[in-house]
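Reader: I would like to work through charges, surface patches and strands in a model. Please give the criterion each time, then the case.

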Amino acid sequence: MNVSLRDKKLILLDFDGTIADTVQVFVHVNNSHFKEYGTKFLTKEDVVRLKKMTDFEALQFLDINFIEFFLISRKFLKQIRAYMPSAPAFEGMIELVNKIYKTGKHCSIVSRNSVANIKSFLKQHNVNHISRIESEGLIMRKHKIVKKLLKEYSLTTSDCVLVGDRLSDFESAKKAGIDFIFVTWGYGSPNAAQRQELTHVASSVGELENMLLT
């Protein structure tokens, strides 16, 4: 049974690049510790280029492999925690989260970022009604978290939609068998062929709200 986006009972939101504009936090911490990490010092031009890369291309650009990334990631996430409250939310996203809550829908966050970092950001923005915050870590297991949440809420795949800014989020939604909305203001930058695969694309928070609520 197909359920319209407006009738979804569980809305899953990615965090970095979807709710929070954390790029400057990431760049600041990387550039403060790049010698320690063994990564590359990032310029403004580098950040623009990174937004158009896949995860694998980004690691190559940073001059590290996945094992090295895995080894530094825990330290990196701890070191960005102090800066998370200063990260801005994308305009309108906090208001949209509040509106979703008022409808009685479940609204949860699933992210590679740590739960502690996300909570720090949400506290700064006075958001205390997110149903669940789940960290998928580095192994890209969003689809498994989706299935776990559906079971806990006694919902079906047709009751859920994932909102994210990366093609990896899209792949997770496909694996979980749920609908996906791609937002264009984050880190992802799909090419023309990849965009053809995306059924739902929101170019503004207003468009996203129209898809989900009106």
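Reader: Is Arg132 buried, partly exposed or exposed?

Author: Arg132 counts as partly exposed because its relative accessibility is 22%. Glu134, at 11%, counts as buried. This is a predicted model, in which local features need pLDDT of at least 70 and side-chain atom pairs count only at pLDDT 80 or more, while totals for chains, interfaces and linings use all residues. Residues are numbered from 1 along each chain as its sequence is written, and side-chain values use heavy atoms, with hydrogens and water left out.

Reader: With which residue does Arg132 form a salt bridge?

Author: Side chains of opposite charge can pair when their charged atoms come close. The criterion for a salt bridge is a side-chain nitrogen of Lys or Arg within 4 Å of a carboxyl oxygen of Asp or Glu. Arg132 forms one with Glu134, where the closest N and O atoms are 2.5 Å apart. Over the whole structure, the search finds 13 salt bridges.

Reader: Are Lys142 and Asp169 buried or exposed?

Author: Lys142 is buried, because its relative accessible area is 3%. Asp169 is also buried, at 3%. These two residues form a salt bridge with the closest N and O atoms 3.0 Å apart. This pair too links distant parts of the chain, with Lys142 in helix H7 and Asp169 in helix H8 (residues 167–176), 27 residues apart. Both belong to a network of salt bridges that links Asp14, Arg112, Glu136, Lys142 and Asp169.

Reader: Which residues form the nonpolar patch on the surface?

Author: Patches are made of residues with over 30% relative accessible area and no salt bridge; like charges are joined within 9 Å, nonpolar side chains (Val, Leu, Ile, Met, Phe, Trp, Tyr) within 5 Å. Accessible areas come from the Shrake-Rupley method with a 1.4 Å probe. Phe66, Ile67, Phe70 and Leu71 form the nonpolar patch, and together they have about 460 Å² of accessible area. Ile67 is in helix H4 and is exposed, with a relative accessible area of 60%.

Reader: Which residues form the positive surface patch?

Author: Lys and Arg count as positive. The patch is formed by Arg141, Lys144, Lys147 and Lys175. Lys147 lies in helix H7 (residues 142–152) and is partly exposed, at 46% relative accessibility.

Reader: How many residues of strand S4 are buried?

Author: In strand S4 (residues 160–164), five of its five residues are buried. Cys160, Leu162 and Gly164 point one way from S4, and Val161 and Val163 the other way. Two strands pair if DSSP finds at least two bridges between them. Strand S1 (residues 10–13) runs parallel to S4 and is joined to it by four bridges, with Ile11 opposite Val161. S4 also pairs in the parallel sense with strand S5 (residues 179–183), over four bridges, and Phe182 in S5 is the bridge partner of Gly164.

Conventions. The place of a charge is taken as NZ of Lys, CZ of Arg, CG of Asp or CD of Glu. Helices (H or I, at least four residues) and strands (E, at least two) are DSSP runs, numbered from the N terminus. Buried means under 20% relative accessible area, exposed over 50%, partly exposed in between (1.4 Å probe, protein chains only).
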